Every structure is written in C-alpha cells, then in structure tokens.
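Here are some exercises to work through with the model open beside you. Try each task yourself before you read its solution.

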Amino acid sequence: MSFTIAIDGPAAAGKGTISKAVAAHFGVGHLDTGLLYRAVGRRMLDGVEPIEAAQALVAEDLEAEGLRSPEVAQAASKVAVIPEVRAALVDFQRAYARRSGGAVLDGRDIGTVICPEAEAKLFVTASAEVRARRRFDELQAAGVEVDYDTVLAETRERDARDASRADAPLRPAEDAVIIDTSELDIAAAVARAVAAVDLRRAIIQGDGE
Ligand code: CDP
Ligand code: CDP
C-alpha cells in the first residue's frame, strides 16, 4: 500500500526539517523536490538551456555541490516558472510518491498538482521575517557573508515569484493542514506534523473497514 505525505510551503518554513523527521518517524523515504528545480537552476547558471536541463536530469544531479546557495535558489525559482521544465519533472516525482510503503515529498505544488490524491497534506509556513532570520542564521553558520535585509528581500522576491506564476503556483491545497512554525521550535512543529498524519491514517483505516 502507498501512503503519500505531501508537505508544501514557502522558503525556509521548515519543510525539509519536518519532512525528514516525519519520514524517519514513519520509516519511509523523503524526496526534497526543491532539489530538482535547484539542479536545473544550477545548470542554467552554467549556460544550459533550462528545458533541456530538466529533460536530461538524472538522480546524481541532485547531489551536485552548491545547490543550497542563495544564487541557485533564485535561479531555481526562475526555471520553475517554465511549464515545460515543470512537466519534465512530474513523472519522477509521481513515481516516488507512489512507492510501496509510502513516501514524503516536500515542495510547493505536491498537494495541489503532483499528488492531489495524497493521503496526508501539510502546508508549513512562517512569517517572512522568521524565515529570513532562519536562512540568515544558516548562511552565517556556513561562513557565507550576507546581511539580513538582503536575505529578507530575496525571500520575499522568491515567494512572490512562486505564488504568482500561472503554472502550479505556491498555495495550500484546500484539504491541507496548515502548520505555522513562526513560534514553534522544531520539536513542536514535528509533533504537530506527525499528529496530523496519524489522524489521516486513522481516518483512512477507518474508511477501509
Ligand atoms: O525546507 P525549508 O526551506 O522549508 O526549511 P528548512 O531547511 O527545513 O528549515 C530552515 C531552517 O529553519 C533550518 O535551519 C531549521 O533548523 C530551522 N527551523 C527552525 O528553526 N524552526 C522550525 N520550527 C523549523 C525549522
Ligand atoms: O529550501 P527552500 O524552501 O528555500 O527552496 P526549495 O524548496 O529548494 O525550492 C527552490 C525553488 O524551487 C522554489 O523557490 C520554487 O521556485 C521551486 N520549486 C517549485 O517550483 N516546486 C517545487 N515542488 C519545489 C520547488
């Protein structure tokens, strides 16, 4: 049986952290779909045409160095606007989602476009200021020289591009459980996510009896 857990939300909301913990809790795999767009964005910065880069993407590309940089994040959100780029990445994500035993996928459009039939959908969010502060702290810890205002401006710019695109814009699915992590630490956010998934499992099991 497959059980897909879709976790969407804006940049640095805590999707990846929560997804990894939820995947470990339920003993299933986790796909960070942002890496697909980051890998294509990175190839674009190297001069490769984005649609061709998306069509030629292989799993090893998701392990390339530098995918976590702010420059690649901006490039990712630019290639993510192109419908042909998105279309080229759909099959891989859907196949992962339907793995037997279940899977967690995090991104922007998992609950709305990639897996509208996902058994559990979460939308993880936080204020732009809190998210920018988290990204700023991460960059500083990694030794990257940045200032907070630049990180905040880039976060807002990427949110606006992701939410306003015509194809698969960032938005919660109608049936998503919203988790605002602005004032939650990681443990509290993970506990809410696990509880929301448990509830969905109980409902689905109850329906099947
Ligand atoms: O995947 P996404 O970009 O949504 O966020 P993330 O990489 O999971 O989290 C961004 C940063 O926020 C990480 O450094 C997390 O440790 C931190 N975080 C937090 O401080 N409090 C939370 N409730 C969730 C994440
Ligand atoms: O880690 P963070 O939340 O900052 O970004 P990410 O999840 O790695 O995504 C990078 C960019 O890829 C986003 O700003 C989106 O433009 C795009 N993306 C998308 O369009 N659809 C997804 N399912 C995942 C990411």
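**Exercise 1: the ligand shell**

Sort the residues of the shell around ligand 1 into nonpolar, polar and charged.

Solution. Step one: the shell splits into six nonpolar, five polar and four charged residues, where Ala, Val, Leu, Ile, Met, Phe, Trp, Tyr, Cys and Pro count as nonpolar, Asp, Glu, Lys and Arg as charged, and the others, Gly among them, as polar. A word on the source: this is a predicted model, where local features need pLDDT of at least 70, side-chain atom pairs count only at pLDDT 80 or more, and totals for chains, interfaces and linings use all residues. Residues are numbered from 1 along each chain as its sequence is written, while chains are lettered from A and ligands numbered from 1 in the order in which they are written.

Step two: 15 residues surround ligand 1, the closest being Gly14, Lys15, Gly16, Thr17 and Arg134 (a residue is near if its C-beta atom, placed from the backbone, lies within 6 Å). Step three: α1 (15-26), α7 (128-141) and α9 (186-208) are the elements that give two or more residues to this shell. Helix α1 has the largest share, three residues.

**Exercise 2: the fold**

How many helices and strands are there, and what pattern do they follow?

Solution. Next, read along the sequence to get β-α-β-α-α-α-α-β-α-β-α-α-β-α. The radius of gyration is 17 Å, close to the 17 Å that the globule rule gives for 209 residues, so the chain is as compact as a globular protein of that length (taken over C-alpha atoms; the rule is 2.2 Å times the number of residues to the power 0.38). Finally, the C-alpha atoms fill a box of roughly 55 × 40 × 30 Å along the principal axes.

**Exercise 3: the cores**

Which residues have the most contacts inside the largest nonpolar core?

Solution. Start with the list: Ile5, Ile7, Ile18, Val22, Leu105, Leu122 and Ala193, in a core of 30 residues. A core here is a set of buried Ala, Val, Leu, Ile, Met, Phe, Trp, Tyr and Cys residues joined through C-beta atoms within 7 Å; buried means 20 or more other C-beta atoms within 10 Å, exposed 12 or fewer, partly exposed in between, with C-beta atoms placed from the backbone. Then find the suppliers: β1 (4-8), α1, β3 (103-107), α6 (110-114), β4 (120-125) and α9 each give at least two residues. Another core of 16 residues lies apart from it, with Leu36, Tyr37, Met44 and Ala88 among them.

Now zoom in on Ile18. Leaving aside neighbours within four places in sequence, Ile18 is in contact with Ile7, Val124, Ala189, Val190 and Ala193 (contact: C-beta atoms, placed from the backbone, within 7 Å).

Definitions and conventions. Helices (H or I, at least four residues) and strands (E, at least two) are DSSP runs, numbered from the N terminus. Two residues are in contact if their C-beta atoms, placed from the backbone, lie within 7 Å.
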